[in-house]
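Please consult the sequence and the structure alongside the text.

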Amino acid sequence: MGHEGFTEVTRLGAAREALLSVVDPPEGVESLPLAEADGRTLAEPVAAGRDVPGFDRAAMDGYAVRATDTHDASGRSPAVLDETDGEVSAGLARYVHTGSPMPDGADAVVKVEETETRGDRVEVFAAVPPGENVAPAGEDVEAGDQLVDAGRRLRPSDLGLLKAGGHRSVAVRERPTVSVIPTGEELVDFDPGYGETTETNGLTVSRLVERWGGETTYRDIVGDDEAALREAVERDTDHDLVVTTGGSSVGERDLIADVVADLGEVLGHGLALKPGHPVGYGVVDDTPVLTLPGYPVSCLVTAVQLLRPAVATAGGFDPEPFPTFEATLDRKIASEVGVRSFVRVRETGGGTVEPVRGGAGALSSVAAADGWVVVPESLEGVTADESVAVERWEPHH
């Protein structure tokens, strides 16, 4: 299939598979205190070092009793027990709060609303079996239970569970290192003059990499000079991944594919993807190199579809699925058979979405979008009033 100057283009699935085949899994491991391990990838499974809870405890506010003492208790004929602040033996009851350790001798708790105190005596209006309203030791976690599997990106709830299970620190994979190199003769950091463009792709991609679990080196802009590009790529092959933005097509100033071919091997160049077809991927000094397009939307789409899984592979974890919601399309989306399209949409109320106007160079269309609709290669579009799945590719923190 030919596509805008490319003699051949690859489907997204095949391109992703080819790129990931040259991404090495992580090797380095470090130990971190739990408070610093949020979002990091667990290097080995972790088991509980103790029971949680570590003792039998009351699950309700009420009176700890011997269940046999409440055998015939009812609203008309309450069991009458003496209140104590010590061990519970026959005929005694002790007040407990939710979470309090069960006093010696007690095997059940009567809820406070099913009791009434009269002086130093407690009337119990409901019979309770042994174990009623009692959380036994190890009810949540037993010592030796596996708490978290290796390869999981740790969440705050995981950290709480690990601490409860007796752990102060945890072994995690080192974060994959990603070099992001923006390229283009027309780019400036700020305050563009006539014919110049503010560099945004490198900033966007580097921050996405951090969200995805990588550690970014965000490099200075490199112009459209083959020697300078060569030097920039070679400098960063000590990273797990090298990513360039811009200069990835087939025009006179698109030099990065030739640089990668000269230094190593180009595995693919050109995708059956819209927006984002002028993307390339290869290897230099055993380091994967991903060359993303210069148009901001094209750069974003290809970063999400290719760089995100590559960062996950280098980090030793699976990327989490995108949050998705169903909506009704308010007007037709056109697409090309054989090309996978990512169409930005925004919510219009009432469970409907509409395509966001703007081409691959319209950065504002990304900020305005609530997600995108993926049109597979087999379809030539999606009709109005059709139900579609909208992927939130950039969920808020």
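## Backbone geometry and accessibility

Asp 286 is exposed, having a relative accessible area of 67%; exposed denotes over 50%, buried under 20% and partly exposed the range in between, with a 1.4 Å probe and protein chains only. The model is predicted, so that local features need pLDDT of at least 70 and side-chain atom pairs count only at pLDDT 80 or more, while totals for chains, interfaces and linings use all residues. Residues are numbered from 1 along each chain as its sequence is written, and side-chain values use heavy atoms, with hydrogens and water left out.

Asp 286 lies in the loop between β20 and β21; helices (H or I, at least four residues) and strands (E, at least two) are DSSP runs, numbered from the N terminus. Although Asp 286 is not a glycine, its phi is positive, at about 65°. Asn 133, likewise not a glycine, has a positive phi of about 60°. Asn 133 belongs to the loop between β9 (121-124) and β10 (134-135), and it counts as buried because its relative accessibility is 16%. Most residues other than glycine have a negative phi, and most peptide bonds are trans.

Pro 53 is placed in the loop between β2 (46-47) and β3 (57-58), and Pro 275 in the loop between β19 (273-274) and β20.

## The six-stranded sheet

Six strands form an open sheet of mixed pairing, in the order β16-β13-β17-β21-β20-β18; two strands pair if DSSP finds at least two bridges between them. The edges are held by β16 (215-218) and β18 (265-269); each has a single partner strand, so one side of each is without a neighbour in the sheet. On average, neighbouring strands of this sheet are turned by 20° against each other, direction ignored. Axes are lines fitted to C-alpha atoms, for helices over the stretch in contact, and angles run from 0 to 180 degrees between N-to-C directions.

Strands β20 (residues 280-284) and β21 (residues 287-292) run antiparallel and are joined by five bridges. Within this pairing, Gly 282 stands opposite Val 289 in β21. Helix α1 (residues 12-20) packs on the sheet and touches β18, β20 and β21, its direction making about 15° with that of β20; contact means heavy atoms within 4.5 Å.

Where does Thr 70 lie? Its place is the loop between β4 (62-65) and β5 (79-83). Thr 70 is buried, with a relative accessible area of 0%. Its side chain reaches the backbone nitrogen of Val 128 at 3.0 Å. Beyond its neighbours within four places in sequence, Thr 70 has contacts that include Val 65, Ala 79, Val 110 and Val 128.

The domain assignment, automatic or taken from a database, gives domain 1 (12-28 + 174-315), domain 2 (29-52 + 145-173), domain 3 (57-135) and domain 4 (324-391). The centres of domain 1 and domain 3, taken over C-alpha atoms, are separated by 68 Å.

Phe 322 occupies the loop between α6 (296-315) and β22 (324-329). Leaving aside neighbours within four places in sequence, Phe 322 is in contact with residues including Val 304, Arg 308 and Trp 393. Phe 322 and Val 390 are 68 residues apart in sequence, and their C-alpha atoms are 9.4 Å apart in space.

How values were computed: Polar contact = N/O pair within 3.5 Å; in protein donor to acceptor, adjacent residues only side chain to side chain.
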